[in-house]
Amino acid sequence: MMYHYTDFAAFDGIIRCGELRLNNILNMNDASEMRLFMNGICKAVIDKLRADEENDKLYEAEKFFNRELEHEFSYSAYAACFSKYRDDAPQWERYGHFGQGVCIAFHEDLMQRMIGGVISFQEVYYQEDMREHRLVKDFYEVITKAEQFEASLPELQTLMNDAWVNSAAFKHPSFANEREFRLVASPFISNEFAVEPKYHVSKERIKKYYPLDLNRMCGKLNMHLSDLVGEIIIGPTSSQSLPILQDYLEDCGLNVLKNKICMSDCPLRKPTS
């Protein structure tokens, strides 16, 4: 199972509307998202060029990387996040509305079957040192073998796109206890991404996201949304009534999920006012 911790407003969007939102990774709670990997890759390539005294390529490579990193928003990946941990206190606090929300368990094998194209299912890795990543060698070879360094080299741009896609799967080691997996879309790599972005407007700001139609995706595999959900866990500090949640599911035409609800066993203390 893959566990998605959220609040009840987002739960309604997933269960009643069949919509799973992919949010901009750059705006998530790890401020180093994507940047950690990209900075690590670029630094490793530059350090290797300097160590091998490839001075004629070093300056142009630095300019290229700095220019690309300035346009990070153009390379934004969008994701929905899951954990391998069931009924987990840190997950409830960070993502489950301080335990007042809900956790939806999804069947991982079915999620894997639903994806394709620019949407991938990625395990998250928690590391800062990127020197051993394959892209360091790939960048180095393209840069050093070129007779003249040009930012417009097709091989160079292909590698940069690959790097930005990979960056969505790396987080700072201090988040390692989340054991996270992600459903990730990288819209910039293809003109064939059929999902149109939407915008959530709150009192504080406007957020861009991509909605995935779970009903349509399940339908392509002759499945129902209820097949995808293995369990629904009410948060440890939630005031949600179990009978009302069961009525809600019945009115949503999801009777089969009524018997998949349970209460959290996590002894998380209720937040004080």
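Colleague: Does phenylalanine 11 count as buried or exposed, and at what relative accessibility?

Modeller: The model is a predicted one. Buried means under 20% relative accessible area. Phenylalanine 11 therefore counts as buried, at a relative accessibility of 2%.

Colleague: How many aromatic pairs does a search of the whole structure find, and what is the angle between the planes of phenylalanine 11 and tyrosine 248?

Modeller: The search of the whole structure finds 13 aromatic pairs. Phenylalanine 11 and tyrosine 248 form a tilted pair with a centre to centre distance of 6.0 Å. The angle between their planes is 35°.

Colleague: How many residues apart in sequence are the parts that this pair ties together?

Modeller: Phenylalanine 11 belongs to helix 1 (residues 8-15), and tyrosine 248, which counts as partly exposed at 22% relative accessibility, belongs to helix 10 (residues 242-251). The pair therefore ties together parts whose separation in sequence is 237 residues.

Colleague: Why is the pair of tyrosine 125 and phenylalanine 170 called tilted?

Modeller: Planes under 30 degrees apart count as stacked and those over 60 as edge-to-face, with the rest tilted. The ring centres of tyrosine 125 and phenylalanine 170 are 5.7 Å apart and their planes are at 35°, so the pair is tilted.

Colleague: Which strands does that pair link, and which of its residues is buried?

Modeller: Tyrosine 125 is in strand 6 (residues 125-126) and phenylalanine 170 in strand 7 (residues 170-171), 45 residues apart. Tyrosine 125 has 41% relative accessibility and so counts as partly exposed. At 6%, the buried residue is phenylalanine 170.

Colleague: Over the ring of which residue does the charged end of lysine 84 sit?

Modeller: Phe82, Phe106, Phe121 and Phe181 make up one aromatic cluster. The charged end of lysine 84 is 5.7 Å from the centre of a ring in this cluster, that of phenylalanine 181.

Colleague: What is the C-alpha to C-alpha distance in space between lysine 84 and valine 184?

Modeller: Valine 184 lies in strand 8 (residues 180-185) and, at 0% relative accessibility, counts as buried. Leaving aside neighbours within four places in sequence, its contacts include Tyr78, Val118 and Ala168. Valine 184 and lysine 84 are 100 residues apart in sequence, and their C-alpha atoms are 16 Å apart in space.

Colleague: What accessible area do Tyr199, Val201 and Ile206 have together?

Modeller: Tyrosine 199 is part of strand 9 (residues 198-201). With Val201 and Ile206, Tyr199 forms a nonpolar surface patch, and their accessible area together is about 350 Å².

Technical notes:
Residues are numbered from 1 along each chain as its sequence is written. This is a predicted model: local features need pLDDT of at least 70, side-chain atom pairs count only at pLDDT 80 or more; totals for chains, interfaces and linings use all residues. Side-chain values use heavy atoms; hydrogens and water are left out. Patches are made of residues with over 30% relative accessible area and no salt bridge: like charges are joined within 9 Å, nonpolar side chains (Val, Leu, Ile, Met, Phe, Trp, Tyr) within 5 Å. Accessible areas come from the Shrake-Rupley method with a 1.4 Å probe; for residues, only the protein chains shown count as cover. A salt bridge is a side-chain nitrogen of Lys or Arg within 4 Å of a carboxyl oxygen of Asp or Glu. Helices (H or I, at least four residues) and strands (E, at least two) are DSSP runs, numbered from the N terminus. Buried means under 20% relative accessible area, exposed over 50%, partly exposed in between (1.4 Å probe, protein chains only). Contact means heavy atoms within 4.5 Å. Rings of Phe, Tyr and Trp (its six-membered ring) pair if their centres lie within 6.5 Å; planes under 30 degrees apart count as stacked, over 60 as edge-to-face and the rest as tilted. A charge sits over a ring if NZ of Lys or CZ of Arg is within 6 Å of the ring centre and within 35 degrees of the ring normal.
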